[in-house]
Amino acid sequence: MTQDDIESVVRKVLEEMAGGSAGRVPEETASGKIVTGKTLPGKSRVAMLTAPERFDIREYPIPAVGDGDILVRVEGCGVCGTDAHEFKKDPFGLIPVALGHEGTGEIAAMGRNVSRDSAGTPLRVGDKVVSCMIFKDDPDITMFDLNRQNVGGADVYGLLPDDGVHLNGWFADYILIREGSTVFNVNGLSLDERILIEPCAVLIHAVERAKSTGILRFNSRVVVQGAGPIGLICAAVLRTMGVERITAVDGEPGRLAFAKRMGADGAVNFKEHKGIEALAAAVEGTFGGKQADFAFQCTGSPAGHSNVYKFIRKGGGLCELGFFINGGDAVINPHFDICAKELTVVGSWVYTLRDYATTFDFLRRAKAIGLPLTELITHRFPLERIDDALRTNLSMEGLKVAVVN
Ligand SMILES: [Zn+2]
């Protein structure tokens, strides 16, 4: 059979199914492609960012599913700060772009060469999956470079330049996961948990970076500065790994209260303390008058970076992970803040493939010890209200915003 024959058979099967065979079980076609028993529509809506602050909901034909491809029916996708920045000003120069990289859904059709996910788990039509586009060959390479190279590079769906397929982001009805992408079967996790996988992987990576200093221990005193989604998940990751003396620092009482439910046992509102000495004293007060052994800086504020050193003891450690975009310069005193303290400082950037797999276990552990992780999702919008979703993220009301189909 030639490739053209195969394509025509698949098209015929898809047409037959669209003609009223909804509800059938998945079946294998003559070509070996496996398609869903549910009716596949001919088109998919895609929220295309066509100019700053302008989404157009466009319809594109669902393309042929190649032998190594997976067509996923999108169930939901979180809105990330990166999406909000791209929405506002296109700093990555990607417009027109189908955004949405914190997505999940179920397999609607897959090519005959697809049988297992990136961890070796079998894949079937109907399975719930997530995908992140990281170099597949080396699980320890961080997704570090949005290099405008399409599938095959260290890129991520939802931040790819537009191409002839168009189904490149999760703010859509369907996404086409191309051959060579990382994909994971996450059947055991709820939709809300699956939407949180991507941001949680950022914290799994940050804590791995922190552990590389050799300073972070079970009984460490740890400051988590910033109680937005990243800081809150940071507290939860630390708690699930057995760290119990965690103090959250933020300016919003509601977020600090939530940080305590997410595993922090101390909370300091920086707005209640005038000057860095008073603030540092308040943080020490939560540790019985001692400075922190380790701190995670989870705000995008240069002042936050300047302040965090004052919370850390001599010989302590710092993980800076708040600056996913350029937030400007921060002033520190290298003598007092780093040299005289012999501080160990690590930066953390996105995650590796290995961290992504670890995240699924973290989510199960967090649930088992009763951390209210899924309460992070405070707002849900349908695809046609994607503008409202992005504006809600930008307004900083609530915590995590999701687009849910
Ligand atoms: Zn993100």
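**View A. The open sheet of 3 strands, in the order 4-3-6, of the predicted model**. The pairing in this sheet is antiparallel, where two strands count as paired if DSSP finds at least two bridges between them. Strands (E, at least two residues) and helices (H or I, at least four) are DSSP runs numbered from the N terminus. Strand 4 (54-61) and strand 6 (97-98) are the edge strands, each pairing on one side only. Strand 3 (residues 43-51) runs antiparallel to strand 4 and is joined to it by 8 bridges, and Lys43 has Pro61 in strand 4 as its bridge partner. Residues are numbered from 1 along each chain as its sequence is written. Because the model is predicted, local features need pLDDT of at least 70 and side-chain atom pairs count only at pLDDT 80 or more, whereas totals for chains, interfaces and linings use all residues.

View B. Strand 15 (residues 312-320) and strand 16 run parallel and are joined by 4 bridges, with Glu320 standing opposite Gly347 in strand 16.

**View C. The crossing of helix 3 (residues 191-211) and helix 9**. The two axes, which are lines fitted to C-alpha atoms over the stretch in contact, come within 8 Å and cross at roughly 110 degrees, angles running from 0 to 180 degrees between N-to-C directions. Helix 3 is therefore roughly perpendicular to helix 9, a term that covers angles of 65 to 115 degrees. Residues are in contact if their C-beta atoms, placed from the backbone, lie within 7 Å; those of helix 3 include Ile197, Cys200 and Ile204, and those of helix 9 include Tyr356, Phe362 and Leu363. The contact residues divide into 7 nonpolar, 3 polar and 3 charged, where Ala, Val, Leu, Ile, Met, Phe, Trp, Tyr, Cys and Pro count as nonpolar, Asp, Glu, Lys and Arg as charged, and the others, Gly among them, as polar.

**View D. The packing of helix 4 (residues 229-240) and helix 9 (residues 353-368)**. These helices pack at an angle of about 80 degrees, with their axes 10 Å apart, and are therefore roughly perpendicular to each other. Ala236, Val237 and Thr240 of helix 4 make the contact with Phe362, Arg365 and Ala366 of helix 9.

Key: Angles under 35 degrees count as roughly parallel, over 145 as roughly antiparallel, 65 to 115 as roughly perpendicular and the rest as oblique. Two residues are in contact if their C-beta atoms, placed from the backbone, lie within 7 Å.
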